[in-house]
Amino acid sequence: AGYEVIAAHDAEAGLEKVRSVRPDLILLDVMMPSATEGFHFVWKLRSLEGEYFRSVPVIVLTAIHEKTELRFYPDSGDGSYKAGEYLPVQDLVDKPVDPKDLLARVARVLFASRKS
């Protein structure tokens, strides 16, 4: 879709890339080498000094609901948290995700972040 993609394979490398490259958006897996490393990445990112780190859009992609007993949402109600309610992110996406849906979500989040 014309996006430049830069990869990191664990939280430490991801934070280093974010510091040096300052991407427009972060696609983040929860289960990097460890089962909850993505959660820790988000909290570390949001605690860094500077507005960029508090506001860079993050879309979390996860198979955690399929692979573990962990849940982003309670068993009651509509079954989901809104983005930002559980983690300070802009979107939560269960894997597998249709590539067209993912690209639509990326475009929506990028558009919203540019308006603010």
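Q: Which residues of α1 meet which residues of α2?
A: Bear in mind that this is a predicted model. In it, A11, E12, G14, L15 and V18 of α1 meet E37, F41, K44 and L45 of α2, and by class this contact has five nonpolar, one polar and three charged residues.

Q: At what angle do the two helix axes cross?
A: The axes of α1, residues 11-21, and α2, residues 37-47, cross at roughly 30° and come within 10 Å of each other, and the crossing is right-handed.

Q: OK, and which residues of α1 are buried?
A: They are A11, G14, L15 and V18. Viewed down the axis of α1, the buried residues fall within an arc of 95°, so they line one face of the helix, while the face turned away from that buried side carries the exposed residues E12 and S20.

Q: What does the buried side pack against?
A: The buried residues of α1 pack against β1, α2 and α3.

Q: Switching topic, which residues touch the most other members of the largest nonpolar core?
A: That core has 19 residues, and V18, I26, L28, F41, L45, V58 and V60 are the ones touching the most other members. At least two core residues come from each of α1, β1, α2, α3 and β2, and the largest share, four residues, is supplied by α2.

Q: And what is I26 in contact with, leaving aside its neighbours within four places in sequence?
A: I26 is then in contact with V18, F41, L45, V56, P57, V58 and I59.

Methods:
Residues numbered from 1 in each chain as written. Predicted model: local features only at pLDDT ≥ 70, side-chain atom pairs only at ≥ 80, totals over all residues. Heavy atoms only, no water. Axes fitted to C-alpha atoms, helices over the stretch in contact; angles between N-to-C directions. Left-handed = near helix turned anticlockwise from the far one by under 90°. Contact = heavy atoms within 4.5 Å. Nonpolar A, V, L, I, M, F, W, Y, C, P; charged D, E, K, R; others polar. Core = buried A, V, L, I, M, F, W, Y, C linked by side-chain atoms within 4.5 Å. Buried < 20%, exposed > 50% of the residue type's maximum accessible area, 1.4 Å probe, protein only. Arc of directions from axis to C-beta.
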